[in-house]
Amino acid sequence: QVQVVESGGGSVQPGGSLTLSCEVSGHRDSGYWQSWFRQAPGKEREGVAGIVTGTGYTAYADSVKDRFTISKDYSENTMYLRMNSLKAEDTATYYCAAGGPARTSLIPWYAQDKYKYWGQGTQVTVSS
């Protein structure tokens with residue numbers, strides 16, 4: 001049984017940093033997208049950053065490029081999202097998604113229906 005559990009959310013001032021963690025248990029196959037999504041109140045859920053397991057290939061939304069870094073610790077089976085230079089518009093509930101096939105699907109990494117497994121979300125609030 002696959003479980004996806006996020007942690008690390010919180011409140012931070014603009015310009016600050018935060019690191020989110022996502023432990024994915026029960027799914028260790030290579031060649032799958034694991035990604036971070038976020039959803040702000042009144043807005044659609046959007047893809048923030050993704051990584052293909054076993055390859056290190058990463059992708060980012062334009063809005064977070066050069067500020068956010070996605071990584072994965074395979075020994076801990078944990079994915080991270082390091083967020084720097086946070087802005088008020090980064091305020092959202094952040095979700096971890098796993099199980100998105102990389103080689104056998106043409107669905108882009110930032111599409112929600114690509115992923116089979118989802119976490120419950122962790123809140124990030126950027127405010128002065």
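**A disulfide and a set of aromatic contacts**

C22 is buried, with a relative accessible area of 0%; buried here denotes under 20% relative accessible area, exposed over 50% and partly exposed in between, with a 1.4 Å probe and protein chains only. The model is predicted, so local features need pLDDT of at least 70 and side-chain atom pairs count only at pLDDT 80 or more, while totals for chains, interfaces and linings use all residues. Residues are numbered from 1 along each chain as its sequence is written, and side-chain values use heavy atoms, with hydrogens and water left out.

The partner of C22 is C96: the two form a disulfide with sulfur atoms 1.9 Å apart, the criterion being a pair of cysteine sulfur atoms within 2.5 Å. Because C22 lies in strand 3 (residues 18–25) and C96 in strand 9, the pair ties together parts that are 74 residues apart in sequence. Strands (E, at least two residues) are DSSP runs, numbered from the N terminus. The torsion about the S-S bond of C22 and C96 is about -75 degrees, so the disulfide is left-handed. C96 also counts as buried, at 0% relative accessibility.

A search of the whole structure finds 6 aromatic pairs. Rings of Phe, Tyr and Trp (its six-membered ring) pair if their centres lie within 6.5 Å; planes under 30 degrees apart count as stacked, over 60 as edge-to-face and the rest as tilted. W33 and W109 form a stacked pair, 6.1 Å centre to centre with 25 degrees between the planes. Both W33 and W109 are buried. Ring pairs link W33, Y57, W109 and Y110 into a cluster.

Notes
Helices (H or I, at least four residues) and strands (E, at least two) are DSSP runs, numbered from the N terminus.
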